[in-house]
Amino acid sequence: ASSSIDATMPEEAVVTCPACWQDIVLELYLSGGSARYAEDCPVCCRPMTVSLHVDNEGGFEVSVEPESG
């Protein structure tokens, strides 16, 4: 068994939708590095901004906020 991380496989992170407050699972592709993008909630379909920060050790932090505008 290999313990290496496959960069093409997504990491999963559970976040809370800022509109409907439901816990949702985001698939995060860390190989692209830090990113900021819009995604629709799979529960309420409202847009949110996802902020992904990837550090040099391969760790990551993710946060979401309501889509502005």
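**Cysteines, sheet and core**

C41 is buried, with a relative accessible area of 2% (buried means under 20%, exposed over 50%, partly exposed in between, with a 1.4 Å probe and protein chains only). The model is predicted, so local features need pLDDT of at least 70 and side-chain atom pairs pLDDT 80 or more, while totals for chains, interfaces and linings use all residues. Residues are numbered from 1 along each chain as its sequence is written, and side-chain values use heavy atoms, without hydrogens and water.

A search of the whole structure finds zero disulfides (pairs of cysteine sulfur atoms within 2.5 Å). For C41, the nearest cysteine sulfur is that of C17, 3.7 Å away. C45 is in no disulfide either; the sulfur of C44 is its nearest, at 6.8 Å. C45 is exposed, with a relative accessible area of 56%.

An open sheet is formed by three strands in the order β3-β4-β5, with antiparallel pairing. Strands are DSSP runs (E, at least two residues), numbered from the N terminus; two strands pair if DSSP finds at least two bridges between them. The edge strands are β3 (35-40) and β5 (60-66). Seven bridges join β4 to β5. M48 stands opposite P66 in β5.

The largest nonpolar core has 13 residues. Such a core is a set of buried Ala, Val, Leu, Ile, Met, Phe, Trp, Tyr and Cys residues joined through side-chain atoms within 4.5 Å. β1 (11-16), β2 (23-28) and β4 (47-54) each give two or more residues to this core. The largest share, four residues, comes from β4. Among the residues with the most contacts inside the core are M48 and V64.
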